[in-house]
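Subject: A structure for you to explore

Hi there,

Here is the structure I promised to hand over. Have a look around it first, and then read on for what turned up.

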Amino acid sequence: MLNIVIFGAPGSGKGTQSDKIIAEYGVEHISTGDVLRGEIKAGTELGKTASAYINEGKLVPDSLIIDMLAATLDAKGKDIKGVIFDGFPRTIAQAEALNDMLAKRGQSVSTVIGLEVDDAELIKRIIARGATSGRADDNEETAKKRLDTYYSQTLPLKDFYIKEGKYAKINGVGTIDGIFADIKKAIDAVK
Ligand code: AP5
Ligand code: MG
């Protein structure tokens, strides 16, 4: 079972490269951001709570996210080739919860694909996407807050996964296909 974490700052290309990984390896996609936007659209209690955090560029509380992730993972069933976790984990508590969840299934994280992109490029990509995405958080002001949140709460996970020997550093600047070729090498090394 391939359990891939795709890791990186807002706008680093996690969603874009997830699509290519799914096409190549046939794994299931779990994007916590997409699940939360679905909840907001459906007007659920979770969606209402989440939108306040998302619009401020803050993280939705761990307990809500971990329960949501467990339910989403269970819904995929057992007959799958693996999962790509996109936008999760984002805190050490979430990473520990993921390790526990996978261990209960006799599995573990196979590799962490770390997309590394400079801040100026990240902000440029998010503002450009804001013209058409309809995402409430795709504007310069919120993008800067999302980046601050990333550096203070999510980047510490890089060391967590380096210590576990699982972090594959990928230069996330360049052509989408060129970046994917590097990702493919990292995944094939653990397959
Ligand atoms: P989430 O939806 O996960 O957003 P994000 O991490 O901020 O990242 P994005 O989806 O904006 O970017 P991406 O890395 O997927 O890049 P993409 O491929 O789209 O989270 C949103 C919010 O939900 C969070 O802020 C938080 O509030 C909440 N949340 C979600 N998960 C949570 C969790 N686990 N815990 C707590 N809260 C959580 O690419 C970006 C743009 O760049 C696109 O337009 C793309 O076309 C373009 N692009 C991609 N690759 C390239 C390239 N190589 N060159 C040029 N342009 C490129
Ligand atoms: Mg995304």
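Let's start with the ligand. Keep in mind that this is a predicted model. Ligand 1 has 30 residues around it, and those that come nearest are T16, K58, R90, R129 and R146.

The side chain of K14 places an N or O atom 2.8 Å from an oxygen atom of ligand 1. On the side chain of T32, an N or O atom is 2.8 Å from a nitrogen atom of the ligand. With K58 the backbone takes part: one of its polar atoms is 2.6 Å from an oxygen atom of ligand 1. Taken alone, the ligand exposes 1000 Å², and the protein buries 86% of that.

Where does ligand 1 sit? You will find it in the largest pocket. Of the elements in the chain, α2 gives the most, with four residues. Sorted by class, the shell around ligand 1 has 10 nonpolar, 10 polar and 10 charged residues.

Next, the aromatic rings. The count comes to four aromatic pairs. One of them joins F7 and Y150, with 6.1 Å from centre to centre. The planes of these two rings are 50 degrees apart, and the pair is tilted. It links distant parts of the chain, as F7 belongs to strand β1 (residues 2-8) and Y150 to helix α7 (residues 140-154), 143 residues apart.

One last thing to look for is a peptide bond. Most peptide bonds are trans. The bond joining F88 and P89, however, is cis, with omega at about -5 degrees. To find P89, go to the loop between β3 (82-86) and α5 (92-104).

Enjoy exploring, and write back with any questions!

Best wishes

Terms used:
Residues numbered from 1 in each chain as written. Chains lettered and ligands numbered in written order. Predicted model: local features only at pLDDT ≥ 70, side-chain atom pairs only at ≥ 80, totals over all residues. Heavy atoms only, no water. Near = heavy atom within 4 Å. Polar contact = N/O pair within 3.5 Å; in protein donor to acceptor, adjacent residues only side chain to side chain. Areas by Shrake-Rupley, 256 points an atom, 1.4 Å probe, with all protein chains shown as cover. 1 Å grid on protein atoms, 1.4 Å probe; cavity = no way out; pocket = protein on both sides within 12 Å on 5 of 7 lines; lining within 4 Å. Sits in = over half its atoms within 2 Å of the grid points. Helix = DSSP H or I, 4+ residues; strand = E, 2+ residues; numbered from the N terminus. Nonpolar A, V, L, I, M, F, W, Y, C, P; charged D, E, K, R; others polar. Phe/Tyr/Trp six-rings, centres within 6.5 Å; stacked < 30°, edge-to-face > 60°.
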